[in-house]
Structures are given as structure tokens and as C-alpha cells.
Amino acid sequence: MADMSPIDLQRALKGAEYPASRDDLVSVARNNGAGDQVVDKLEHSGTQRFDGPNDVQKAVFGNG
């Protein structure tokens, strides 16, 4: 599989409400049919709580 893109992450988290826990976002991603790579990145992000999409992107992609 190709590397995950920020757009893949955005699609996986469509409809997520923030602030959100990591477990909440993993559940949203699964419900949205996200691939295993997206779910794995979220599960192993090392962050327990996210205040918004930018926090998720930083945790998953390590930018910022």
C-alpha cells in the first residue's frame, strides 16, 4: 500500500467531533471504512486527546 496521505486521514475522520480521545477517533475511522494503515497510525499516535484536526495531523505525520 502507498504511504498514507493527509487526505486519507481527513476522509477517515469525517464527522469526528473535537475534542476527542484517541479511542473515539479510531472508532470514527473504522466506522468510515478507513484502511488498516490509517487505524494503526491513529492507535499508535502516542497522543490520548486531540483538540482538533491539526492535532491529529501533527501526531500522525509528525509535522508542526
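A residue counts as buried when its relative accessible area is under 20%. What we have here is a predicted model.

Let me start with the overall fold. The chain contains four helices and two strands. Going along the sequence, the order is α-β-α-α-β-α.

Next, the dimensions. The C-alpha trace spans about 30 × 25 × 20 Å along its principal axes.

How much of the chain is buried? Of the 64 residues, 28% fall in that class. The accessible surface comes to about 4200 Å², and carbon and sulfur atoms account for 42% of that surface. As for contacts, take those between residues at least 6 apart in sequence: 55% of them join residues at least 24 apart.

On charge, there are 7 positive and 10 negative side chains in the chain. The centres of these two sets lie 3 Å apart.

S45 sits in the loop between α3, residues 36-43, and β2, residues 49-50. Is S45 buried or exposed? Its relative accessible area is 13%, and therefore S45 is buried. What does the side chain of S45 have beside it? One of its polar atoms lies 3.1 Å from the backbone oxygen of L42. If we set aside neighbours within four places in sequence, S45 is in contact with R22, F50 and A59.

Helix α3 also holds D40. With a relative accessible area of 39%, D40 is partly exposed. For a sense of distance, take D40 and D24: they are 16 residues apart in sequence, and their C-alpha atoms are 14 Å apart in space.

The last item is a backbone feature. Which residues are joined by a cis peptide bond? They are Y18 and P19, with omega at about 0°. P19 belongs to the loop between α1, residues 6-12, and β1, residues 20-21.

Methods:
Residues numbered from 1 in each chain as written. Predicted model: local features only at pLDDT ≥ 70, side-chain atom pairs only at ≥ 80, totals over all residues. Heavy atoms only, no water. Buried < 20%, exposed > 50% of the residue type's maximum accessible area, 1.4 Å probe, protein only. Contact = heavy atoms within 4.5 Å. Areas by Shrake-Rupley, 256 points an atom, 1.4 Å probe, with all protein chains shown as cover. Lys, Arg positive; Asp, Glu negative; His and termini not counted. Charge placed at Lys NZ, Arg CZ, Asp CG, Glu CD. Polar contact = N/O pair within 3.5 Å; in protein donor to acceptor, adjacent residues only side chain to side chain.
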